[in-house]
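Biologist: I am new to this structure and would like a short tour. Could we begin with a pair of strands?

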Amino acid sequence: MIGYLIGLPLFGAAFLLLGGRRTNKWGHLLATGLSASSFALGLKLFNDMLALPTEDRAMHQKLFSWIQVGGFNVDAGLLLDQLSICFVLLITGVGTLIHIYSIAYMSHDLDRRRFFAYLNLFISAMLLLVLGDSYLNLYVGWEGVGLASYLLIGFWNQKPAYATAAKKAFVMNRVGDMGLSFAIMISFVTFGAVSFSEIEKHAHHASTAALTAIGIMLLIAATGKSAQFPLQAWLGDAMAGPTPVSALIHAATMVTAGVYLITRSNFIFDLAPNAQTAVAVVGAITLLFGALVGTAKDDIKKALAASTMSQIGYMILGAGLGPAGYAFAIMHLLTHGFFKAGMFLGAGSVMHGMNDEVNMRKYGALRKFMPITAITFGLGYLAIIGVPPFAGFYSKDKLIEVALNAGGAKGYLLGGAALVGAAITAFYMSRVVILTFFSNKRWDDNAHPHESPILMWLPMAILAIGSVTSGFLFTNGDALQNWLAPVVASHAEHAEHSELLPPMTVSVIALTLVAIGVAIAVFKYRAESNPNTPENVSIFTRIARKDLMQDAFNEAVFMRPGQALTKSLVVVDESIIDGAVSGIGSAAVGSGQMLRKLQTGFVRSYAALMLVGIALLLLAIWVVTQ
Amino acid sequence: MNFVLENIGKTATPEAIQFYIMAPLAIAAAIGMLIVKKAVHSAILMAYVMLSLAFFYIAQDAPFLGIVQIVVYTGAVMMLFLFILMLVGVDSKDSLVETIKGIRFTAISASLGIGLLLVTLIGKATFGFPAVGLKSANADGNVQAIAYKLFSTYVWAFEVVSALLITAALGAMVLAHSQRVTPRATQRELAIRRFRGSSLNDAAGKPAPGVFARYNGVDVPALLPDGTPAVESINDTLKARGTVRDPREYALNEIANTEGEER
Amino acid sequence: MNPINYLYVASILFTIGAIGVVLRRNAIVVFMCVELMLNAANLAFVTFARINGNLEGQIVAFFTMVIAACEVVIGLAIIVTIYRSRRSASVDDASLLSR
């Protein structure tokens with residue numbers, strides 16, 4: 001039964017890709033229908049799971065026996081437990097809404113069928129990722145989403161810049177994938193198996209060094225897929241893809257795969273505290289990085305991408321805080337799926353109305369022309385900055401709390417970073433909203449902003465409802481925490497963690513900082529009327545505009561040495577290896593030339609050579625008989 | 001004879017004297033064979049070496065072999081060499097200038113090396129027993145002993161070698177045979193050729209050697225009717241040697257005057 | 001006197017014959033040097049026969065002589081044939097197998 005979750009969209013993808021142009025007329029409907037049926041199936045499975053007692057909630061399904069090599073046996077198996085069902089519902093639910101949205105958004109595109117095929121492919125791969133019962137099965141889904149991301153970012157590959165962006169995303173993902181490969185290899189060497197259940201059983205037998213190694217490798221994999229520091233450079237460029245892609249893949253689902261991986265591997269990280277600290281530190285760095293970059297971006301999609309990077313930093317930070325933080329990281333992931341996808345769809349709606357213009361400097365006062373978009377976007381905005389009672393308030397504040405309660409200097413640093421990040425988030429998100437929907441009209445005369453069709457604003461509205469209500473629903477009675485506890489906190493010591501500050505104080509501090517951030521943004525941009533990007537800005541703005549020099553750094557440290565290495569290897573190959581091979585040839589020819597001189601044709605020289613031979617023979621006899 | 005045969009087995013003083021005189025001479029003759037320019041001189045020196053070897057054989061209790069050496073080698077083989085030398089060019093001189101680079105050095109050094117090594121190895125070799133001598137082997141006489149050995153133990157080799165001899169003779173005949181390319185002209189054809197040739201001047205054939213001769217020296221060329229010496233009338237060997245005389249020395253005065261008046 | 005001295009003489013004669021084969025250009029003289037080498041070997045055989053006290057060495061020397069005679073016959077016939085067609089008795093002139 002679980003297999004159908006993956007099978008339905010996969011069938012859709014195959015059918016649409018192989019069917020070709022004949023399916024152009026109804027391909028999108030088929031794809032949306034299959035995605036919706038996956039969601040329905042997911043709901044049914046969730047229903048079944050609710051009815052079961054807590055211990056039996058994990059459902060297994062073995063599809064087929066995959067690898068059997070000596071002592072290494074891996075089955076293609078699926079595991080549906082409390083953690084995966086959350087993701088299943090998120091992926092299929094948000095995915096179906098985005099399918100519906102894309103019917104209208106891509107209606108003018110000739111390749112719409114191919115787009116839907118790739119979307120279905122992505123859905124099935126992501127489902128395989130979260131449903132796999134071993135690291136190897138997860139890896140198949142991992143690679144699948146990487147492939148789908150590449151295909152979708154470079155969907156309009158007529159433009160070389162977009163194709164390059166797709167390549168960049170894929171290559172940086174690949175670096176992360178190496179981490180996952182190494183993690184699988186090390187776990188095979190350490191445990192002899194790669195399935196979650198096996199490793200969980202024997203985790204406490206392994207040495208801390210091995211566990212730390214696996215943890216670091218998994219962290220590298222997560223940074224690649226979730227665009228965390230240091231592999232974060234691809235997310236901004238990935239906005240080259242169509243907006244529904246950015247909404248689905250680079251906001252709600254694929255980039256959260258890293259969080260899923262770390263949460264799923266909680267049994268490893270809980271036993272390797274150094275790796276866990278590394279995870280938290282990476283999360284903290286990234287949330288500040290993304291926030292800083294987001295303050296200077298004028299492209300609405302790139303600003304939202306930087307925001308995604310920052311919010312995932314929060315999630316990774318939460319996942320790096322141990323059993324206390326996993327549930328809140330997942331909660332923030334789910335709420336983020338709602339409001340970020342909603343905001344991306346809103347940005348797509350604004351672009352649709354403004355003739356695909358992405359520069360926010362050319363927007364302004366759009367709330368009068370696109371009311372529904374403005375309202376749904378606004379609700380998502382309130383959620384992300386953490387205003388109660390919206391979703392973000394609950395998840396983000398809980399994360400800040402857990403960070404502060406981590407104890408000692410770690411607690412101060414991480415909690416402080418999270419608070420500062422909240423303030424900056426408030427600033428730049430307010431900047432986006434004000435520049436787009438408020439302030440003064442700055443667009444050209446040939447722009448005719450209009451509201452989007454129902455197929456576009458309906459998904460946005462549904463997601464806005466989610467942004468409003470989901471936080472309360474998840475936190476009511478610690479619902480999500482208790483739901484996930486058997487998976488992420490089953491073996492946690494229930495120690496009395498010290499609370500640095502009471503939760504109410506934390507919320508007050510957070511809200512104050514948020515208010516300050518909003519106030520600064522309002523003050524700065526309330527009456528903005530300059531449609532051009534200002535040039536005389538401070539050095540900090542310039543650096544932030546260049547994504548904190550991430551591309552320059554990557555080029556200088558990795559790309560140029562890599563190219564130099566390749567060039568030198570080519571030189572080595574040509575001169576040394578080819579040289580050696582052709583050198584053998586020339587040596588043969590040369591020695592042949594030299595030996596040719598012996599063929600004088602004179603009998604006497606041959607006789608002389610024979611004499612020399614006899615002399616050597618006698619010399620040998622003399623030496624032997626010494 | 002008895003004295004000689006009796007003493008042959010012992011390494012007595014007479015043999016030592018013979019050895020110490022003849023051996024250096026033989027070696028000198030061999031070196032001379034290398035150095036002399038004319039091939040005939042080489043052949044003569046070679047014959048001398050063969051003769052010395054015959055003496056060595058006789059001194060070493062091998063009288064049969066010594067006589068065979070003289071008869072076959074010196075008598076037949078060396079004479080054959082001399083005949084062929086005469087055929088091929090008794091006067092042909094080898095220039096001492098070496099045309100192939102480096103071969104003189106290679107050959108001399110390699111050969112000296114061989115010689116030195118051989119001498120050293122022989123010097124180090126020991127038989128483990130003193131020289132036995134052929135006194136007992138030659139008890140019935142050397143020829144009888146050899147005949148006994150030859151026709152019992154080595155009869156098969158003997159027969160094969162005789163077959164080889166016959167083959168060699170046949171081979172020489174085949175090689176020396178020259179086939180006519182054109183059929184032999186009959187007397188009738190020769191006569192026709194004479195009369196139908198370029199001019200009737202040749203109808204009677206050329207004059208026999210000596211018709212125009214005023215002298216019968218082999219080394220003076222014959223004169224053609226117009227007074228020039230005929231190049232073909234002198235032996236090539238003499239020409240090569242350069243011992244050709246000028247015929248005008250022998251001209252009679254009045255003939256010369258007559259020839260001058262007629263012109 | 002030690003019969004080994006004859007062996008020394010034989011090896012010296014052999015060496016001289018070897019030099020002659022390589023250094024002389026007239027085919028017939030080369031042939032004569034080859035004969036010299038054969039004769040040196042014969043001398044060695046006869047000396048060994050004397051040292052060992054049996055006639056095997058002399059028999060071998062006898063056969064060597066016969067075979068050398070045959071070889072001379074054929075070899076000289078060949079030289080004459082070559083001389084007839086090529087008008088030269090120099091071994092250097094037969095160098096068509098050069099590079």
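Modeller: A:Gln61 stands opposite A:Leu78 in E2(A). Strands (E, at least two residues) and helices (H or I, at least four residues) are DSSP runs, numbered from the N terminus. This is a predicted model, in which local features need pLDDT of at least 70 and side-chain atom pairs count only at pLDDT 80 or more, while totals for chains, interfaces and linings use all residues. Residues are numbered from 1 along each chain as its sequence is written, and chains are lettered from A and ligands numbered from 1 in the order in which they are written.

Biologist: How many bridges join E1 of chain A to E2 of chain A?

Modeller: Nine bridges join E1 (residues 59-69) to E2 (residues 72-80) of chain A, and the strands run antiparallel. Two strands pair if DSSP finds at least two bridges between them.

Biologist: And what lies between E1(A) and E2(A)?

Modeller: Two residues separate the strands of this hairpin, and A:Gly70 in the turn has a positive phi of about 60°.

Biologist: Changing topic, which residues have the most contacts inside the largest nonpolar core?

Modeller: They are A:Phe122, A:Leu317 and A:Ala341, in a core of 199 residues. Helix H15 (residues 323-353) of chain A gives the largest share of this core, 17 residues. A nonpolar core is a set of buried Ala, Val, Leu, Ile, Met, Phe, Trp, Tyr and Cys residues joined through C-beta atoms within 7 Å. A residue is buried if 20 or more other C-beta atoms lie within 10 Å of its own, with C-beta atoms placed from the backbone.

Biologist: What does A:Leu317 touch?

Modeller: Not counting residues up to four places away in sequence, its partners include A:Ala280, A:Leu287, A:Leu399 and A:Ala418. Two residues are in contact if their C-beta atoms, placed from the backbone, lie within 7 Å.

Biologist: What covers the buried residues of H21(A)?

Modeller: The cover includes helices H16 (371-385), H17 (391-404) and H18 (408-437) of chain A. Among the buried residues of H21(A) are A:Val506, A:Leu513 and A:Ala521.

Biologist: How many helices and strands are there in chain B?

Modeller: Chain B has 10 helices and zero strands. Of its 263 residues, 21% count as buried.

Biologist: How many residues of chain B are in contact with chain C?

Modeller: 69 residues of chain B are in contact with 59 residues of chain C. H4(B) supplies the largest share of the side of chain B that touches chain C, 13 residues.

Technical notes: Buried ≥ 20, exposed ≤ 12 C-beta atoms within 10 Å, placed from the backbone.
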